[in-house]
Amino acid sequence: MSSPAHTLASNGGSSGNANANNAGACENPGDSDIPLLPSSDPDPSIPTIKLGETIRFEELGPIILNTDGTTRRIGNWDTLSEHEKKVTWRRISKRNEERRQVLLRQQQQELEAAEEEGEGDETK
């Protein structure tokens, strides 16, 4: 089964109502009204990702986990020396794990409180 976009491209851009005036309108790809995607760039420096794969952006620096659960990055990461980057990764990794544990405990307490509240409503 072909997709609507494929069907449109294969039948000259019409929706099945081809007439004598536009029957051969898409014989040349340049004559098509449907914009085509550019071909993929074979440049090996551009990372590619396939469905289900992950990609790391370590050159952008660590993601900082704030105490409220939001995240951010270090604005001047690209200006830090290699030693500063190494120290920063270590410190932020440790702090992020501590903050993550606190947030998980808070979330668990909220869930338990909601369950208790829900049980109290059922007995009334």
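1. A helix, as the word is used here, is a DSSP run of H or I with at least four residues, and helices are numbered from the N terminus. With that in mind, the largest share of the positive surface patch, four residues, comes from helix H2. The patch itself is formed by Arg72, Lys86, Arg90, Arg91 and Arg95. Please keep in mind throughout that the model is a predicted one.

2. As for the overall layout, the chain contains two helices and two strands, and these follow the pattern α-β-β-α when they are read along the sequence. Of the 124 residues in the chain, buried residues make up 11%.

3. Arg95, one of the residues of the positive patch, lies in helix H2.

4. How many salt bridges does a search of the whole structure find? The search finds two. In one of them, Lys85 pairs with Glu82, and the closest N and O atoms are 4.0 Å apart. Lys85 and Glu82 are three residues apart in helix H2, and therefore about one helical turn separates them. The two partners can be described separately: Lys85 is buried, with a relative accessible area of 16%, whereas Glu82 is exposed, with a relative accessible area of 61%.

5. Another salt bridge joins Arg100 to Glu97, with the closest N and O atoms 3.1 Å apart. Both Arg100 and Glu97 lie in helix H2, three residues apart, which is about one turn of the helix. Arg100 is partly exposed, with a relative accessible area of 39%, and Glu97, at 36% relative accessibility, likewise counts as partly exposed.

6. A last point concerns Thr88, which is found in helix H2. Is Thr88 buried or exposed? At 18% relative accessibility, Thr88 counts as buried, because the word buried applies under 20% relative accessible area. The side chain of Thr88 reaches the backbone oxygen of Glu84 at 2.6 Å.

Terms used:
Residues are numbered from 1 along each chain as its sequence is written. This is a predicted model: local features need pLDDT of at least 70, side-chain atom pairs count only at pLDDT 80 or more; totals for chains, interfaces and linings use all residues. Side-chain values use heavy atoms; hydrogens and water are left out. Patches are made of residues with over 30% relative accessible area and no salt bridge: like charges are joined within 9 Å, nonpolar side chains (Val, Leu, Ile, Met, Phe, Trp, Tyr) within 5 Å. Accessible areas come from the Shrake-Rupley method with a 1.4 Å probe; for residues, only the protein chains shown count as cover. A salt bridge is a side-chain nitrogen of Lys or Arg within 4 Å of a carboxyl oxygen of Asp or Glu. Lys and Arg count as positive and Asp and Glu as negative; His and the chain ends are not counted. The place of a charge is taken as NZ of Lys, CZ of Arg, CG of Asp or CD of Glu. Buried means under 20% relative accessible area, exposed over 50%, partly exposed in between (1.4 Å probe, protein chains only). A polar contact is a pair of N or O atoms within 3.5 Å; within protein, one must be able to donate a hydrogen and the other to accept it, and residues adjacent in sequence count only if both atoms are side-chain atoms.
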